[in-house]
Amino acid sequence: MALRELASLEKYLGLKKPNKYSTQGDKKVPVLQNNNAPPLVGLVTIACHLVKEAKRSELLGCGAEARAVVQQWLEYRVTKLDGHAKEDIKTILKDLNLYLQDKVYLAGNQFTLADVLMYYGIHSIILDLAVQEKEQYMNVTRWFDHIQHHPGVRHHLPPVAVLRNRLYTSRHH
């Protein structure tokens with residue numbers, strides 16, 4: 001899955017020449033062979049490299065605090081979200097829902113690489129949720145829907161219907 005995410009990230013960033021990736025180990029960690037330089041290993045390392053290559057450093061956060069928050073969420077993605085156990089899903093969604101309570105994006109009010117990679121990582125979880133569960137995690141749902149409609153992000157992933165239309169009965173007594 002990480003290789004498809006990196007290919008989608010390249011398209012989003014507008015990189016013209018696609019890179020060649022391989023994987024290593026049981027967990028299929030992505031590897032980018034970078035011309036004469038040593039290979040880059042890991043989703044976050046490669047994604048940050050692609051952002052810099054595309055000269056889109058604002059996606060890594062503007063200012064020291066924002067960069068730290070972006071790095072925190074990228075680390076969260078690979079340590080907590082990737083390879084999560086089924087029983088961890090509710091905790092992940094609950095924590096994310098609480099965090100997003102007063103934020104538009106993961107790094108506050110700025111769209112960053114953290115939003116892109118967390119969106120890719122959480123897509124299958126959101127896809128599998130029932131409508132009632134999506135409503136239970138309203139902040140995650142709002143953020144997810146916003147990110148999936150951000151131009152150029154969703155490439156390889158199907159759209160997810162996140163909110164049902166509420167029908168109000170017009171009963172008059």
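Two strands pair if DSSP finds at least two bridges between them. In this predicted model, strand β2 (residues 29-32) meets that mark with β3, to which two bridges join it. The protein has seven helices and three strands. Its elements run α-β-β-β-α-α-α-α-α-α from the N terminus on. Along the principal axes, the C-alpha atoms fill a box of roughly 80 × 35 × 30 Å.

**The sheet**

- The three strands form an open sheet. Their order is β1-β2-β3, and the pairing is antiparallel.
- β1 (21-24) and β3 (40-41) stand at the edges. Each has a single partner strand, so one side of each is left without a neighbour in the sheet.
- β1 and β2 pair over four bridges, in the antiparallel sense. Within this pairing, Thr23 stands opposite Pro30 in β2.
- A hairpin is formed by β1 and β2, with four residues between them. Gly25 sits in the turn and has a positive phi of about 75°.
- β2 and β3 also run antiparallel, joined by two bridges. Leu32 has Leu40 in β3 as its bridge partner. Val31 stands opposite Val41 in β3.

**Helices on the sheet**

- Helix α2 (residues 43-53) lies across β1, β2 and β3. Its run makes about 40° with β2.

- Back at the sheet edges, β1 and β3 each have a single partner strand. Helix α1 (residues 2-13) packs on this sheet and touches β1 and β2. The direction of α1 makes about 150° with that of β1.

**α1 against α2**

- The axes of α1 and α2 come within 10 Å. They cross at roughly 15°.
- Angles under 35 degrees count as roughly parallel, and that makes α1 roughly parallel to α2.
- The crossing of α1 past α2 is right-handed.
- From α1, the contact takes in Ala2, Glu5, Leu6, Leu9, Glu10 and Leu13. From α2, these meet Leu43, Ile46, Ala47, Leu50 and Val51.
- By class, this contact of α1 with α2 has nine nonpolar residues and two charged ones. It has no polar residues.

**α2 against α3**

- The axes of α2 and α3 also come within 10 Å. Here the crossing is at roughly 140°.
- Over 145 degrees would count as roughly antiparallel. α2 and α3 are therefore oblique to each other.
- α2 brings Leu43, Val44 and Cys48 to the contact. α3 brings Gln71, Leu74, Arg77 and Val78.
- The residues of the α2 and α3 contact divide into five nonpolar, one polar and one charged.

**α3 against α4**

- Helix α3 (residues 64-81) packs with α4 at an angle of about 165°. Their axes are 13 Å apart.
- α3 and α4 are therefore roughly antiparallel to each other.
- α3 passes α4 in a left-handed crossing.
- The α3 side of the contact is made by Val69, Trp73, Tyr76, Lys80 and Leu81. The α4 side is made by Ile92, Leu96 and Tyr99.
- By class, the contact of α3 with α4 has seven nonpolar residues and one charged residue. No polar residues take part.

**Gln110 in its loop**

- Gln110 is placed in the loop between α4 (89-99) and α5 (113-128).
- The side chain of Gln110 reaches the backbone oxygen of Glu58 at 2.7 Å.
- Leaving aside its neighbours within four places in sequence, Gln110 is in contact with Glu58, Gly61, Cys62, Tyr105 and Asp115.

**Points to check on the structure**

- Start at the turn of the β1 and β2 hairpin, where Gly25 has its positive phi.
- Then follow α2 over β1, β2 and β3.
- Next, view α3 beside α4, including Trp73 of α3 and Leu96 of α4 in their contact.
- End at Gln110, whose side chain reaches the backbone oxygen of Glu58.

Conventions: Residues numbered from 1 in each chain as written. Predicted model: local features only at pLDDT ≥ 70, side-chain atom pairs only at ≥ 80, totals over all residues. Heavy atoms only, no water. Contact = heavy atoms within 4.5 Å. Axes fitted to C-alpha atoms, helices over the stretch in contact; angles between N-to-C directions. Parallel < 35°, antiparallel > 145°, perpendicular 65-115°, else oblique. Left-handed = near helix turned anticlockwise from the far one by under 90°. Nonpolar A, V, L, I, M, F, W, Y, C, P; charged D, E, K, R; others polar. Polar contact = N/O pair within 3.5 Å; in protein donor to acceptor, adjacent residues only side chain to side chain.
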